[in-house]
Amino acid sequence: MASAHGCTTMATTKSVLISLVLALLQLSAMVRSDSPCDFPAIFNFGDSNSDTGGLSALFSAVLPPYGRTFFGMPAGRYSDGRLTIDFMAQSLGLRYLSAYLDSIGSNFTQGANFATAAATIRRDNGSIFVQGYSPISLVVQTWEFEQFINRSKFVYSNIGGIYREILPKPDYFSKALYTFDMGQNDLTVGYLTNMTTEQVEAYVPDVMERFAEGIQSVYRLGGRYFWVHNTAPLGCLPYAVVFRPDLAEEKDGAGCSVALNRGAQFFNARLNETVARLRAALPDAAFTYVDVYSAKYKLISQAKKLGFGDPPLRACCGYGGGEYNLDRDIRCGARAEVNGTSVLVGKSCEDPSRSVNWDGIHFTEAGNKFVFDQIVDGVLSDPPVPLRRACQGKGR
């Protein structure tokens, strides 16, 4: 028979072992929760805020002085340099995304970009030459992605050779980060046809249905990690204020249209609700809702304090001077015939790094970098996870 002392010793040893195992399990969970996701690729869907060459390849090319700051030449981006999506890719150790529609010199080993400038979530039935909106809406971008995933898998596995140097590995699609940055043009579709904010708000629920369908399409094709940007403060963008002066009569302390920003805020509230519904419906997927609106509004409202010397609502590249340096007909990069010679009239300011706004619609590289710095650590995200850990929080 074991002595009482022996039993006590065995019980103590067992208790210590259990405590040690629990501690190791807890430590393991902590390590996992703090580990980066090691995304092998990014697949992006969006409009001109994240287009890296789609519309430029499909229609007319982006002209100088676009791209002057970083690339030294036009690079398909609607900015003087890099976009927020470029800084995101760089921070994850990935190459800058090639546009899916760009057939020359593209490399898709670490992802692809389906975004095109002027794109909408809802399909726009007008002509880009009349209404000005891209035919490559979100549903078309998801069709492109389906073709891309099917054809690249086949070519990679069955033909190989040089294609393995320019296409993603087949298992990357289930491990990749899927980013969405759309909605701004869905608002301007209404505002630029003289709708009131109430009329714009009335069709936002249908926009959300189309957005959810796009996410679900990507999910069915294997996507599991979604990073969703909300839309910018539209009332702080010169083009919106210039084209709808009636809605810009009431301005806030930053000089932004209260009415136009109210429309963007309504859109973002519905988008947040839509992401929450998707999170509940697809519990094995991870959704991160990113409040880009707050990052951009902070930049615009505190531009001088943050080191941007030029007025935040004044386009660096434009024509006409004045409060916004934005002409309805003469845009950034526009040229005119002067004495038989083609002359650049839509010129860049001397130092774009001092400006928030590049061309009246889009941010400068410096502005995009500020936005990236605000969102990368997860402070403006729901759930509050940094970009590198966006694979976590499934079902939350």
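## Disulfide layout

Count the bonded cysteines along the protein chain and the disulfides follow the pattern 1-8, 2-3, 4-7, 5-6. That's 4 disulfides in what is a predicted model.

Take C37 and C391, whose sulfur atoms sit 2.0 Å apart in a disulfide. The S-S torsion of C37 and C391 is about -85 degrees, so this disulfide is left-handed. The pair links distant parts of the chain, 354 residues apart: C37 is in the loop between α1 and β1, C391 in the segment after β8 (381-382). Both C37 and C391 are buried.

C236 and C256 also form a disulfide, at 2.1 Å between sulfur atoms, but theirs is right-handed, with 110 degrees about the S-S bond. C316 joins C349 at 2.0 Å, S to S. With a torsion of about -90 degrees, the C316 and C349 disulfide is left-handed. C316 lies in the loop between α10 (292-301) and β6 (335-338) and C349 in the loop between β7 (341-344) and α11 (365-375), so the bond ties together parts 33 residues apart in sequence.

## Nonpolar cores

The largest nonpolar core has 95 residues, and F43 and Y178 have the most contacts inside it. Helix α7 (residues 197-220) gives the largest share of this core, 10 residues. A second, separate core of 11 residues includes C349, along with L55, Y66 and C317.

Beyond its neighbours within four places in sequence, Y178 contacts residues including F43, F45, F145 and W227.

The protein chain averages a pLDDT of 92, and 91% of the residues score at least 70. Confidence is lowest in helix α1 (residues 4-33), with a mean of 48, and highest in strand β1 (residues 42-46), at 99. Over residues 23-32 the pLDDT is below 50, and this stretch has 1 contact in the model beyond near neighbours in sequence.

Definitions and conventions:
Residues numbered from 1 in each chain as written. Predicted model: local features only at pLDDT ≥ 70, side-chain atom pairs only at ≥ 80, totals over all residues. Heavy atoms only, no water. pLDDT = per-residue confidence, 0-100. Helix = DSSP H or I, 4+ residues; strand = E, 2+ residues; numbered from the N terminus. Contact = heavy atoms within 4.5 Å. Core = buried A, V, L, I, M, F, W, Y, C linked by side-chain atoms within 4.5 Å. Buried < 20%, exposed > 50% of the residue type's maximum accessible area, 1.4 Å probe, protein only. Disulfide = S-S within 2.5 Å.
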